[in-house]
Amino acid sequence: MTRIRPALAFAPCLLLAACASAPHADRSTLATVPIGTLQAGAAAPVRVAGVVTAALPGADGQPGWLLQDAGDGDATTSDAIWVLGPAAAALTPGQTVEVAGPVRRAALPVGGKSGAGKGNADTLLAIDAAQVEPLRSRALDKRLRALTPTVVSAAPDWRALAGMRVRIAAPLTLADRDRERGTVEAAFDGPLWQPGERAAPGSEAARAVAADNLRRRLTLSGDALGEAAYAARSGSRLDALQGIALLRNGRPGLRLERAPQLQAAPRPQQPPRVDGSLRIAAFNLENLFNGDGRSGGFPTPRGARSEAEFHAQLAKLVETIHAMNPDVAALMELENDGYGPDSTLAQLVSALDRADAADGGAQDWRYAAPCRQPCAAAVRGPGGDLIRVGLIYRGQRVAARGLAATLTQGPFGTHSRVPMAQAFQALGAGGRRGPAFVVAANHFKSKGCRDAEGGDRDQGDGAACWNALRSDSARRLDAWLKTDPTRSGGQLTMIVGDLNAYAQEQPLRELYAAGWQDAFAAAKVAAPYSYVYDGELGRLDHALLSPALAATLRGAAEWHTNADEPESAGYRAGGAGPWRSSDHDPVLLGFDLIPR
């Protein structure tokens, strides 16, 4: 970037509405200094000169404008300053002016609105304008009017560009959208990854991932963003970005001056196909609640707000599961309302049967339970949480062996949801049955910090809250499954579900150490992810296999119908198709378990 040190003579204040003087200082004797030399602030009044680039009202609503000069030759300091105060009220973009007054660091408005907000730490070099007067130097005026945005082609040091006009000459990857805050997260050099997906929390490697994310991340804001950016999938490409570099919630940000060019990432229209004779899926349904099961009971505590929303949500979930065509599916975030005909679980199974019937298929969906079906008297379970796990299967493809087993001791039921394990046998031609295999559905405690105490508090390592409890859940789950709770008598067991921990966090490392194998690693799947949080990719949804079962694995895949999608594609916004049927992507595994 070009930095030119201006040399200006003082021009006396003209009779303009923008001209004002402080009563206790003679600013006519001040020499004009480059903005870049003031980045640490200045106690005494100074004079600067530059071109007005954009309006930026102060945190208290006072008039404010950004001023940029021709540079001081130092690429490590910003050439922009924030002009504040009544004397700035009549400024307009493109004016070249001189400004005199004291310099300080001032709090930026939160979310582009007036009011700094409690705890806001975003600041910008500012000058409290005691005098604002037109520039007299024709040579400098010409030079300032010829200034163009600073061009960057890689993630820069944004502190050296704060308040300046910037044009990005490199494609960015759309990471996430927040319509309520009016922001879109983007990144240089490809997608951002959760540190805990790539390295153990607290490790040097994890800190390096987090630092690299911050270096590459850019928060886009401003009316110029346009509707298309909010509606695009994560992973879409953004080009031709231009705007003002401003911090946003402690992160590098760019307030756009024009709409970026968008190359939308395509949706994966077809579900994944995996090799193997038997398919097993895992899917977090994002709070499937059916009210009272008889068209009433809305709004529900955590899911649909009306019967119409429930049917829209159910249709999306059924379309997703039906298209994936699993033989067994482990489900998370089902309403915990028993097993009777009015239960959410029973109505989901009925809806899947209807979808099969519409395609001329067998209507043979069933659900596992820890009691004899239909378990009509059971109004909750397993566990007492509002949500539970569930297991459904196709009766023509697999047979359930005995009742489902559950683990209610320790953290299960009070924090982590109660796991459910069911033994199955694959059905082959002529009534032949394959070896018994066990599917254990799980949903560990979330990362939210409510009620967390002691070792369950956020330790500042990136694993968030309840990491200790999730790790305890993992150890207890491993010990329980090794007692053969379903009495299957075999060694073919899998742990599937939402463990609320990324692949290198302690709960998963506990299970790896105990001998469980990551199905996606065993299948050599590159860069898997099932969830996007704060614009960063990772896996909360896992499939872990016993060594014997891993030997029969033939494929593993995620169907990226959800995590990359904006909320506007969901059932509450009237979105059609399987898109954003949940906030998690479903997982599909293929095994050779059907006898030939």
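Visitor: What kind of model is it, and how are residues numbered?
Guide: This is a predicted model: local features need pLDDT of at least 70, side-chain atom pairs count only at pLDDT 80 or more, and totals for chains, interfaces and linings use all residues. Residues are numbered from 1 along each chain as its sequence is written, and side-chain values use heavy atoms, with hydrogens and water left out.

Visitor: What are the spans along the principal axes?
Guide: The C-alpha trace spans about 100 × 45 × 40 Å.

Visitor: And how many helices and strands?
Guide: The protein has 10 helices and 30 strands. These are DSSP runs, numbered from the N terminus: helices are H or I with at least four residues, strands are E with at least two.

Visitor: What percentage of residues count as buried?
Guide: Of the 596 residues, 56% do. Buried means under 20% relative accessible area, exposed means over 50%, and partly exposed is in between (1.4 Å probe, protein chains only).

Visitor: What about contacts between residues at least 6 apart in sequence?
Guide: Of those, 73% join residues at least 24 apart. A contact means heavy atoms within 4.5 Å.

Visitor: Switching to rings. How many aromatic pairs are there?
Guide: The structure holds 5 aromatic pairs. Rings of Phe, Tyr and Trp (its six-membered ring) pair if their centres lie within 6.5 Å; planes under 30 degrees apart count as stacked, over 60 as edge-to-face and the rest as tilted.

Visitor: Why is the pair of W193 and Y529 called edge-to-face?
Guide: Their ring centres are 6.2 Å apart and their planes are at 85°, so the pair is edge-to-face.

Visitor: Where do W193 and Y529 lie?
Guide: W193 lies in strand β11, and Y529 lies in the loop between α9 and β26.

Visitor: Which residues do ring pairs link into a cluster?
Guide: Y393, F424 and F437.

Visitor: Which residues lie over the faces of W193 and Y339?
Guide: R198 lies over the face of W193, at 4.1 Å from the ring centre. R388 lies over the face of Y339, at 4.6 Å from the ring centre. The rule is that NZ of Lys or CZ of Arg is within 6 Å of the ring centre and within 35 degrees of the ring normal.

Visitor: New topic. Where is Q242, and what is it in contact with?
Guide: Q242 is in strand β14. Q242 is buried, at 10% relative accessibility. Leaving aside neighbours within four places in sequence, its contacts include P149, R165 and L254.

Visitor: And V532, what does that touch?
Guide: V532 touches A175, L537, A563 and D564, not counting residues up to four places away in sequence. V532 sits in strand β26 and is buried, at 13%.

Visitor: Last one. Which residues are joined by a cis peptide bond?
Guide: F298 and P299 are joined by one, with omega about 0°. Another joins G381 and P382, also with omega about 0°. Most residues other than glycine have a negative phi, and most peptide bonds are trans.

Visitor: What is the phi of S295?
Guide: Phi of S295 is near 75°, a positive value in a residue other than glycine. S295 lies in the loop between β17 and α5, and P299 lies in that loop too. S295 is partly exposed, at 48%.
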